[in-house]
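I opened this model to look up a few strands and helices. My notes follow.

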Amino acid sequence: MPKFKGNLTAGTLGDRALFHLQYSRGKDLRAATAYDKLMCFSHAVRDLAVDGFIDTQRTYFDQDVRRVNYISMEYLIGKMLENNIYALDIVEKSKEAIKALDITLEEVLALDIEAGLGNGGLGRLAACYLDSLATLELPAFGYGIRYEHGIFRQEFEDGWQRERPDEWLALGYPWELIRPEYTLPVCVYGRVKTVLTPGRVTKKVWEDWQMFEAVPYDVPIIGYGVNTVNMLRLWRSQPAEGFRLDVFNQGDYVRAVEEKNWAENVTKVLYPSDFTYAGKELRLIQEYFLASCSVRDIIRRYKKNHNDFSQFAKKNAIQLNDTHPTLAVVELMRILIDEENMPWDKAWDITVNTFSYTNHTLLSEALEKWSVDLLKRVLPRHMDIIYEINHKFLQQVEIHRPGDGAFMRSVSLIEEGPHKQVCMANLSVVASNKVNGVSALHSKLLKDHTMPEYADIWPDKFCNVTNGITHRRWLLKANPGLSELITENIGDGWKSNLEGLKDLEACAKDSKFQQRFMEIKRDNKKALAKTIREIAGVNVHPESLFDVQVKRLHMYKRQLLNAMHIIGLYHKILDNPKIDIQPRTFIFAAKAAPAYHIAKSVIKLINIMGDVINKDTDVAGRIKIVFLPDYNVSLAEKIIPAADISEQISTAGMEASGTGNMKLSLNGALTAGTWDGANIEIAEHVGDDNIFIFGHREEELQALKRKGYNPWKYYDKNPELQRILETIRNNEFDRGQPDIFKEIYEDLTQHGDHFFYMADYQPYVECQQRVSELYRDQAAWAEKAILNVARMGWFSSDRSIRDYSENIWHLEHTPVSKEQ
């Protein structure tokens with residue numbers, strides 16, 4: 001544990017909190033609000049992290065270590081206070097220390113702030129990886145954006161999603177340290193001029209640009225049970241000149257702050273809508289902003305120990321977490337060539353040996369492409385460099401496959417057509433020394449189907465690193481009851497090495513252990529039922545089967561398939577009110593992208609289904625539907641420990657990996673899922689008998705496509721499916737709005753059913769029947785749930801990070817000693 005000016009006791013921690021109350025908050029106990037107490041206690045804990053961070057940075061500098069620089073648009077780090085208390089192993093001391101503030105730890109934790117830095121699995125994965133890097137004592141630095149409003153706060157209005165600003169910074173954020181001394185310039189727009197140097201060599205010069213600034217804020221990432229504290233650096237945009245006094249004095253008050261407003265918009269929200277040209281431009285600038293200031297900061301730090309760039313690639317790995325930060329490749333090339341006057345070939349060699357790229361999707365619409373015209377306008381010098389990279393790359397391709405024009409077009413960084421586009425995934429592959437997928441199936445499809453031409457050129461460049469999760473948050477913190485039961489039976493070694501959970505297998509058939517296990521699950525369900533009542537006003541029964549689907553709302557993730565199954569169950573009850581069905585509570589939580597209309601229609605459909613079905617006296621509580629708004633890490637920590645069934649029902653071949661599936665299995669939920677993403681590896685580890693797999697596999701769906709997939713074929717032969725679709729088309733839940741779900745109906749029938757709902761409906765229903773039958777045998781269910789927990793050790797993010805370190809980054813274990 002990091003030093004704290006002597007031995008840490010509950011008394012010294014309490015004294016430090018009181019110190020911050022007076023000198024950081026400017027109050028005494030009589031004037032302090034509960035929020036003041038949260039802030040001053042968080043600052044007291046942050047002091048511990050700062051001690052460790054200083055020790056860590058000193059160690060890295062003195063040993064001149066190789067670091068990984070992880071660049072990601074998202075970091076879903078969740079609430080930090082409780083997580084940091086666990087990492088520092090000061091839970092009991094904190095409970096005692098906080099009494100000095102006349103408040104309980106539970107009351108303070110309830111007020112903790114969740115940073116609005118991400119949206120879905122991409123951001124949560126990045127947060128897990130930073131946690132594991134620190135815990136494994138590996139040198140790392142995270143880079144992201146300090147969004148003022150995050151993505152959005154989700155509310156429901158008449159069942160429809162409404163987006164509200166996420167004001168997570170309104171009252172301050174106790175974990176960040178502002179670093180104005182490291183503020184960096186960022187330039188956009190302008191033009192490129194060719195000049196002649198004194199040596200009679202032509203050189204491209206970027207001029208007439210518009211400049212704004214990037215201000216860094218550091219958030220400490222504390223390793224569990226070690227002295228390593230790495231840092232997540234978040235950038236905030238600000239104007240280079242915030243206020244034009246001369247213009248203001250002339251009476252033009254709007255223009256006086258025009259530059260300030262423009263610059264600050266860059267980090268206002270995560271993923272500005274790209275529905276308009278202005279939105280596309282802002283989003284491109286946002287991505288370049290992250291890339292530029294992160295690369296400049298990496299170079300600044302490198303130059304502390306080095307006078308030239310000969311060791312740059314040996315001392316720095318840069319990991320691109322998806323394509324959003326890809327412009328970092330071009331920015332490094334620009335700096336090396338234009339500012340450091342380095343020859344092209346040398347600069348390119350350094351760049352390729354520095355970067356690696358993680359691909360997170362196979363969906364063509366999610367593989368980023370930027371208009372050449374837009375890039376020329378916003379980043380003219382960078383577009384020149386991209387053209388040159390492409391030119392030199394295609395020369396190599398011509399040697400590899402002489403005369404093969406089709407092959408050359410398929411690998412070009414520039415997609416030709418009426419509107420030329422730069423393919424950012426292609427650029428990431430060409431400029432990286434390693435490219436990885438995030439599950440075994442995803443990596444295979446990436447190599448064999450999405451990018452086979454690149455695999456032909458560089459077969460050894462592609463590899464797999466299956467995603468992982470940090471059990472310290474998703475089991476130890478989120479499910480303390482289960483954590484205590486595990487420790488009582490197999491010791492606490494699993495906390496530092498999750499593979500130790502394997503010893504729990506011996507308890508799976510023990511009736512007393514099963515009873516304790518199910519009691520803990522029931523307690524978690526009761527706690528979630530209370531949360532549901534408070535948030536949604538719906539009373540649910542903890543004895544029912546909690547059927548959970550919590551993830552980003554997208555048609556390929558198929559929340560709609562779940563809804564179709566519920567409608568089918570409802571029809572059965574309407575036809576025979578006395579039918580014997582397993583009572584279920586269907587729990588949804590998801591955000592849809594603001595411009596994704598059909599996904600927002602699915603949210604409306606599920607909400608309107610809940611309004612009708614939850615109140616239907618014939619249903620008599622056997623089905624309850626709850627859609628919890630504003631899904632985030634804190635809500636996930638309440639839902640996941642209470643889940644009985646984990647819905648992982650994406651169209652096979654379309655989910656890269658998933659991490660929610662891992663979190664739910666680790667907490668004793670059984671998976672109902674397709675043969676997709678990490679579901680495959682979960683099945684391999686927990687055993688086919690302990691997971692519910694259904695539906696067409698990826699190769700079977702490809703065969704259906706080749707034969708000419710016809711969704712009407714499944715519609716015509718299944719009266720139950722016909723009735724469900726007619727219920728949706730006619731909106732039989734609210735006949736006053738008959739056409740609002742017509743788009744959903746047409747998507748599944750007339751528009752080709754791109755995500756194979758019709759083909760997988762009947763297998764899904766049969767899978768759910770197997771789920772219901774097993775749940776009635778609680779002992780058999782408990783055994784399978786326990787085996788899921790026991791066999792999830794491989795899915796730790798610690799294992800993922802070891803894979804990255806050994807196969808891609810080549811980092812050295814660097815313990816940090818406490819400086820006395």
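I call a residue buried when its relative accessible area is under 20%. The model is predicted.

Entry one: strand β11. I looked up residues 316-321 and found 6 of the 6 buried, so β11 is largely enclosed by the rest of the structure. In a regular strand the side chains alternate between the two faces of the sheet. I checked both faces of β11. Asn 316, Ile 318 and Leu 320 are buried on one side. Ala 317, Gln 319 and Asn 321 are buried on the other.

Entry two: the partners of β11. Strand β1 (residues 67-71) pairs with β11 in the parallel sense, over 5 bridges. There I found Ile 71 opposite Leu 320. β11 also pairs with β12 (residues 355-358), again parallel, over 4 bridges. Gln 319 has Ser 356 in β12 as its bridge partner.

I traced 6 strands in the order β20-β19-β18-β21-β22-β23, with parallel pairing. β20 (623-627) and β23 (692-693) stand at the edges with a single partner strand each, so one side of each has no neighbour in the sheet. Between β21 (residues 645-648) and β22 (residues 670-673) I noted 4 bridges. Ile 645 has Leu 670 as its bridge partner. Helix α23 (residues 559-575) packs on this sheet and touches β18, β19, β20 and β21. The direction of α23 makes about 155 degrees with that of β19.

From first C-alpha to last, α6 reaches 21 Å, close to the 21 Å expected. Just after α6, Glu 137 takes a positive phi of about 60 degrees.

Notes
Residues are numbered from 1 along each chain as its sequence is written. This is a predicted model: local features need pLDDT of at least 70, side-chain atom pairs count only at pLDDT 80 or more; totals for chains, interfaces and linings use all residues. Side-chain values use heavy atoms; hydrogens and water are left out. Two strands pair if DSSP finds at least two bridges between them. Contact means heavy atoms within 4.5 Å. Axes are lines fitted to C-alpha atoms, for helices over the stretch in contact, and angles run from 0 to 180 degrees between N-to-C directions. The expected span of a helix is 1.5 Å times one less than its number of residues. Buried means under 20% relative accessible area, exposed over 50%, partly exposed in between (1.4 Å probe, protein chains only).
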